[in-house]
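Dear colleague,

My notes on its strands and on one pair of helices follow it.

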Amino acid sequence: METEIKLLKNFLLDLKQFSLKNESWAILVEGKRDKWALEKFGVQNVVELKGRNYHDVAEALADKYKYRGVVLLMDFDPEGETIFQKLSKILPGYGLKIDTSFRERLRETGITFVEKIPQKLMFSG
């Protein structure tokens with residue numbers, strides 16, 4: 001448990017630094033609670049999917065907001081895995097690079113839902 005907390009704190013620090021240094025990259029999450037959970041720790045450029053059409057989101061990220069890349073941070077439940085797989089195939093068609101390394105690091109922390117990050121840290125000590 002203590003190791004997972006340390007991994008989670010390092011994950012958040014690295015994601016925050018990445019978001020501050022790479023303004024042309026979006027951090028894409030499923031919903032508003034996920035967005036809030038990351039912004040609470042200073043992560044920038046967080047965009048929520050909000051149940052919108054995947055192609056509409058991809059087009060908005062590439063054209064309207066001029067992002068060049070996307071960090072995919074979907075939950076690890078079946079729905080999140082499905083969304084992750086679909087977006088991994090769709091986003092490159094809009095000229096967007098994809099980063100999955102942060103998602104894999106989040107998996108190592110034992111977190112299943114992005115929105116639960118603050119709760120896990122709050123009850124850790």
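Strand E1 (residues 25-29) and strand E3 (residues 69-72) run parallel and are joined by four bridges. Strands (E, at least two residues) and helices (H or I, at least four) are DSSP runs, numbered from the N terminus. Within this pairing, Leu28 stands opposite Leu72 in E3.

This is a predicted model, in which local features need pLDDT of at least 70 and side-chain atom pairs count only at pLDDT 80 or more, while totals for chains, interfaces and linings use all residues. Residues are numbered from 1 along each chain as its sequence is written, and side-chain values use heavy atoms, with hydrogens and water left out.

The four strands form an open sheet in the order E2-E1-E3-E4, with parallel pairing (two strands pair if DSSP finds at least two bridges between them). Strand E2 (46-48) and strand E4 (97-99) stand at the edges with a single partner strand each, so one side of each has no neighbour in the sheet. From one strand to the next, the twist averages 35°.

Turning to the helices, the axes of H3 (residues 54-64) and H4 (residues 78-90) come within 10 Å and cross at roughly 50°; axes are lines fitted to C-alpha atoms, for helices over the stretch in contact, and angles run from 0 to 180 degrees between N-to-C directions. Tyr54, His55 and Ala58 in H3 meet Ile83, Lys86, Leu87 and Ile90 in H4, where contact means heavy atoms within 4.5 Å.

Yours sincerely
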